[in-house]
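Take the points in order and find each place as you go.

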Amino acid sequence: VSDFWSTFGVDLHVDVDPAQGRRAGLEYALRAAIRSGRLATHSRLPSTRALAQEFGLSRGTVSAAYDQLTAEGYLIARRGSGTTVAEFPQSPGVCEPEPHAARTPRFDLSPGSPDPSSFPTALWLKAMRRALNAAPLQAFGYGDVRGTIELRVALADYLGRTRGVVADAERIVMTSGYLQALSLLAGLIARRPGATIAMEDPGLPYHREVVRRAGARVLPLPVDALGARTDLLAGPDFAEVDAVVVTPAHQFPAGMTLHASRRRALVEWARSRNTLIIEDDYDAEFRYDRQPVGAIQGVAPDHVAYVGTVSKTLGPALRLGWVVLPAHLAVAMAEAKRYTDHHAETFGQLALADLIATHAYDRHVRACRVRYGRRRDLLLSRLDAAKATHPAFADLAVEGIAAGLHALVTLPPDSGVDEPRVLAAAARHGLALGSLGPHWHERTRDTHSGASLSQGVIVGYGKPTESAYPGALDALMKVLQAALVG
Ligand SMILES: Cc1ncc(COP(=O)(O)O)c(C=O)c1O
């Protein structure tokens, strides 16, 4: 197989197998590139002359290959505007789009993401420019596996100041978001055969899968009105547990903070059993009614792996998160990161360090807090207004504290209005919504009849743009009305 790099406007790697013959080999390689999406729809192919020269083929050969692929529908040849790639369905499995990306809903209140239009593009560009201009040559090579010292120092200060975290740059490892932190931590724990990690029930099913794939067993830890039942950890059902994953500042998805008595029980359990608390502090920046409660890590730094992320404050696309580790795990975690991908991308880290050090990050978070707090108020006032006019709305309840980017709205029990009914109405109105059902652990779902588990929809009010939010709320109210009143 001979390899060619062609400058199809972009660099494209094309394998032409000479055993197939020159023309057939070129056709085959181009077909494969188009099918897999490496040559994207509408992209322009080089002229036959340029490609012939680049590949050392005759122009006639390239021209014949183009004609063949045009006849087959892979390419479109237009006189004067060259040859472009036709629309072509990609082959499955090669570059499958995420299912959620398959269709864009008209109104999007699915939980998980902040408003993408709130990304501080101008600030980020400025910080990135400063970072690149100031970077010494070594910054362009491999760096410290834990992440850049600039960001770890800035974060240690920021987390101490805003979250009461006892942080030292030496004990911070930068990761590709919370997910990678969870995956690497679970992998360290799973070195012990039969390792078990307790996770909140309900909680994100995706995170359970991450833990299982890292090799650990997952045990459900029930959540009630006071938060995770950490009081149960000392009991016989949890005797084998090595670590527990919790969202103490704002339980996902139910929305409460972990009660003080449960925080005490959790810390006491970790100290007495010498076990690990994985603290997921994913959206603690967004508390609207008061100061957020401090991180548990602040009271038990030797038993907590504290994890944070920019996914809610800046956006998930940056894939930037951090773990503040207990001393005994700091080296092992850095090594785990080394043997996964060496270290997080450097310049995003330097830009973030710049934003934090100049307090631009604080100002951005504060502005977002005002924006999302207003959105939550608007959601609540719309629901209250509906309750005043429709008795059917009376038993809808918004759970949890005034915080974060989502609200769990529980459906009235025994009313016959269940999640499938609301989701079907949402689908009819082109509205994307989350629902509580998938967040229950499989075992809990199996042992309860579906009806006895509480039912609810999760409204992600962070995701729409400012201008789209009122329309999305209108759609939500129509959906609830259709589901509740019929
Ligand atoms: C409960 C919870 N934890 C953590 C995260 C952040 O994950 P990541 O940093 O990998 O984007 C999310 C994002 O949706 C979340 O819902």
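Predicted model: local features only at pLDDT ≥ 70, side-chain atom pairs only at ≥ 80, totals over all residues.

1. Which helix gives the largest share of the shell around the ligand? Helix α6, residues 177–189, does, with three residues.

2. Now look at the whole shell. There are 13 residues around the ligand, and those that come nearest are Y178, D280, T309, S311 and R319. Sorted by class, the shell holds five nonpolar, five polar and three charged residues.

3. Zoom in on some polar atoms here. D280 has a polar side-chain atom 2.6 Å from a nitrogen atom of the ligand. With T309, a polar side-chain atom sits 2.7 Å from a ligand oxygen atom. For S311 the distance from a polar side-chain atom to an oxygen atom of the ligand is 2.6 Å. How much of the ligand does the protein bury? Taken alone, the ligand exposes 400 Å², and 91% of that is buried by the protein.

4. Next, trace the sheet with eight strands. It is an open sheet, and you can read off its order as β6-β13-β12-β11-β10-β7-β8-β9, with mixed pairing. The edges are β6 (172–175) and β9 (227–228), and each of these pairs on one side only.

5. Stay in that sheet and pick out β10 and β11. Strand β10 covers residues 243–246 and strand β11 covers residues 276–280; the two run parallel and are joined by four bridges. If you want a spot to start from, A243 stands opposite L276 in β11. D280, whose polar side-chain atom is 2.6 Å from a ligand nitrogen, falls within the residues 276–280 of β11.

6. There is also an open sheet of five strands, again with mixed pairing, in the order β5-β16-β17-β15-β14.

7. For a hairpin, go to β3 and β4. Strand β3 (residues 75–78) pairs with strand β4 (residues 82–85) in the antiparallel sense, over four bridges. R78 has G82 in β4 as its bridge partner. Three residues lie between the two strands, and G80 in the turn has a positive phi of about 90°.

8. Most residues other than glycine have a negative phi, and most peptide bonds are trans. Where are the cis bonds to look at? One joins D201 and P202, with omega about 10°, and P202 is in the loop between β7 (196–201) and α7 (205–213). Another joins F252 and P253, also with omega about 10°; P253 has its place in the loop between β10 and α8 (260–273). Then there is N274, which is not a glycine and yet has a positive phi of about 55°. You will find N274 in the loop between α8 and β11.

Methods. Residues numbered from 1 in each chain as written. Heavy atoms only, no water. Near = heavy atom within 4 Å. Polar contact = N/O pair within 3.5 Å; in protein donor to acceptor, adjacent residues only side chain to side chain. Areas by Shrake-Rupley, 256 points an atom, 1.4 Å probe, with all protein chains shown as cover. Nonpolar A, V, L, I, M, F, W, Y, C, P; charged D, E, K, R; others polar. Pairing = 2+ DSSP bridges.
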